[in-house]
Amino acid sequence: MVIREMTMEDYEQVYRLWKKIRGFGIRSIDDSREGVERFLKRNPTTSVVAEEDGRIVGSILCGHDGRRGCLYHVCVDETHRRRGIGKAMVVKAMEALKAEKINKVCLIAFTKNDIGNAFWNTIGWTEREDLNYYDFVLNDANITAFNES
């Protein structure tokens, strides 16, 4: 198992992985090839993949705004879970953020994502209950579709 920086050459395999994950939300623009390429150009060293035998089995989109890092689309193929891959990818992404002098990292987990929420609690992340999360849609064409199967 190799945990390494994600590149655009990984996109097709990463996208196929995202499509396999039940309940995973994929945005029509942000998660397109062009959207991910834009993200990786802005954050060239912080996103990671887990690769085994030439196949991507896990991924994290990770970036920062110069002040705070954020993890997006953290996932591991169901057949490879409970082997420490998710935690290893999180550590690698956080090391990349620390190298860029980022001191705090956040993420969003859907409340219905029981597996993901259990994972974050198990590896020591703190659920914030002292704030509200807001967003504002700037582009109505950027639709989120959730994988049902």
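1. Arg-83 is partly exposed in this predicted model, its relative accessible area being 47%. Its side chain meets that of Glu-52 in a salt bridge, with 2.7 Å from N to O. Glu-52 belongs to strand β3 (residues 48–52), whereas Arg-83 sits in the loop between β5 (69–76) and α3 (85–99), so the pair ties together parts that are 31 residues apart in sequence.

2. Asp-10 and Arg-4 form another salt bridge, in which the closest N and O atoms are 2.7 Å apart. The two partners fall into separate accessibility classes: Asp-10, at 6% relative accessibility, counts as buried, while Arg-4, with a relative accessible area of 23%, is partly exposed. The pair also belongs to a network of salt bridges that links Arg-4, Asp-10 and Glu-51.

3. A further salt bridge joins Asp-30 to Arg-27, and here the closest N and O atoms are 3.4 Å apart; this pair still qualifies because the cut-off is 4 Å. Both side chains belong to residues that count as partly exposed, Asp-30 at 35% relative accessibility and Arg-27 at 26%.

4. The pairs described above are among the eight salt bridges counted in the model. Side chains of opposite charge can pair when their charged atoms come close. Taken over the whole chain, there are 23 positive and 23 negative charges, and the mean positions of the two sets are 3 Å apart.

5. As for the fold, the chain has four helices and seven strands, and, read from the N terminus, its elements follow the order β-α-β-α-β-β-β-α-β-α-β. Of the contacts with a separation of 6 or more, 68% are made by residues 24 or more positions apart.

6. On overall dimensions, the radius of gyration of the chain is 15 Å, which agrees with the value near 15 Å that a compact globule of 149 residues would have. Along the principal axes, the C-alpha atoms fill a box of roughly 40 × 35 × 30 Å.

Conventions: Residues are numbered from 1 along each chain as its sequence is written. This is a predicted model: local features need pLDDT of at least 70, side-chain atom pairs count only at pLDDT 80 or more; totals for chains, interfaces and linings use all residues. Side-chain values use heavy atoms; hydrogens and water are left out. Helices (H or I, at least four residues) and strands (E, at least two) are DSSP runs, numbered from the N terminus. The radius of gyration is taken over C-alpha atoms; the globule rule is 2.2 Å times the number of residues to the power 0.38. Contact means heavy atoms within 4.5 Å. Lys and Arg count as positive and Asp and Glu as negative; His and the chain ends are not counted. The place of a charge is taken as NZ of Lys, CZ of Arg, CG of Asp or CD of Glu. Buried means under 20% relative accessible area, exposed over 50%, partly exposed in between (1.4 Å probe, protein chains only).
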